[in-house]
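Biologist: I would like to learn how to read the packing of helices in a model. Could you take me through it step by step?

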Amino acid sequence: MAQFGIKIGFGEVASLETIIRTYSDPLVRFACSFVGSESVAEELMEDALADVLIRDRKFNDEAHFKAYLYKAIRHRCLNYLRFHRKNVPLEDVEAVLSAGDLEGDAIKKERDRAVFACLQELPLQYRQVLMLTYFDGFTPDEVCAIMSRSKKQVYNLLARAKTSLKSLLEKVGITYEDI
């Protein structure tokens, strides 16, 4: 049986299984924020991983590899949206984002739904910069590389996105203390 892997740095090879286990859920969540469908997001994630394997590119470290994956999935999502403009049920996206919730607290779930609904009302660029920064934990430099923007543009997008999200949350009655 052949071993598949990605060269990350000085002779290190990450196995395909490790890569899928580590990156599949965050990539699907990120893709789902674009396309709105869990099943489509999974397919796009699989395509992006296959593309990375086919290219057999060497990465300096795991951070470069992670940024490359997110950039690849972003391009696949944008291409998908360009050719498949349609409405998708909000429940598909919500199921992906709330998959890790084990607490079962009804108030927290309702608040999370309201925050998610407000997040979905934001323009795509705002949603994207918030997801990358706060949900996926990328640094501003990594977000710049993924979104193909300058640092100033990313900071401006982030500031506008936070302001827009705050006003949307206030409209539905959620304040900073609630979060």
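Modeller: Let us start with a pair of helices, where a helix is a DSSP run of H or I with at least four residues, numbered from the N terminus. In H1, Ile-19, Tyr-23, Pro-26, Leu-27, Phe-30, Ala-31, Phe-34 and Val-35 meet Glu-62, Phe-65, Lys-66, Leu-69, Tyr-70, Ile-73, Arg-74, Cys-77, Leu-78, Tyr-80 and Leu-81 in H3, contact meaning heavy atoms within 4.5 Å. The residues of this contact divide into 16 nonpolar, no polar and three charged, where Ala, Val, Leu, Ile, Met, Phe, Trp, Tyr, Cys and Pro count as nonpolar, Asp, Glu, Lys and Arg as charged, and the others, Gly among them, as polar. This is a predicted model, in which local features need pLDDT of at least 70 and side-chain atom pairs count only at pLDDT 80 or more, while totals for chains, interfaces and linings use all residues. Residues are numbered from 1 along each chain as its sequence is written, and side-chain values use heavy atoms, with hydrogens and water left out.

Biologist: At what angle do H1 and H3 pack?

Modeller: Two packed helices are described by the angle between their axes and the distance between the axes. Here H1 (residues 16–35) and H3 (residues 62–83) pack at about 35°, with their axes 10 Å apart; axes are lines fitted to C-alpha atoms, for helices over the stretch in contact, and angles run from 0 to 180 degrees between N-to-C directions.

Biologist: Is Ser-24 buried or exposed?

Modeller: Ser-24, which lies in helix H1, counts as buried because its relative accessibility is 14%, and buried means under 20% relative accessible area (1.4 Å probe, protein chains only). The side chain of Ser-24 reaches the backbone oxygen of Ile-20 at 2.7 Å.

Methods:
Helix = DSSP H or I, 4+ residues; strand = E, 2+ residues; numbered from the N terminus. Buried < 20%, exposed > 50% of the residue type's maximum accessible area, 1.4 Å probe, protein only. Polar contact = N/O pair within 3.5 Å; in protein donor to acceptor, adjacent residues only side chain to side chain.
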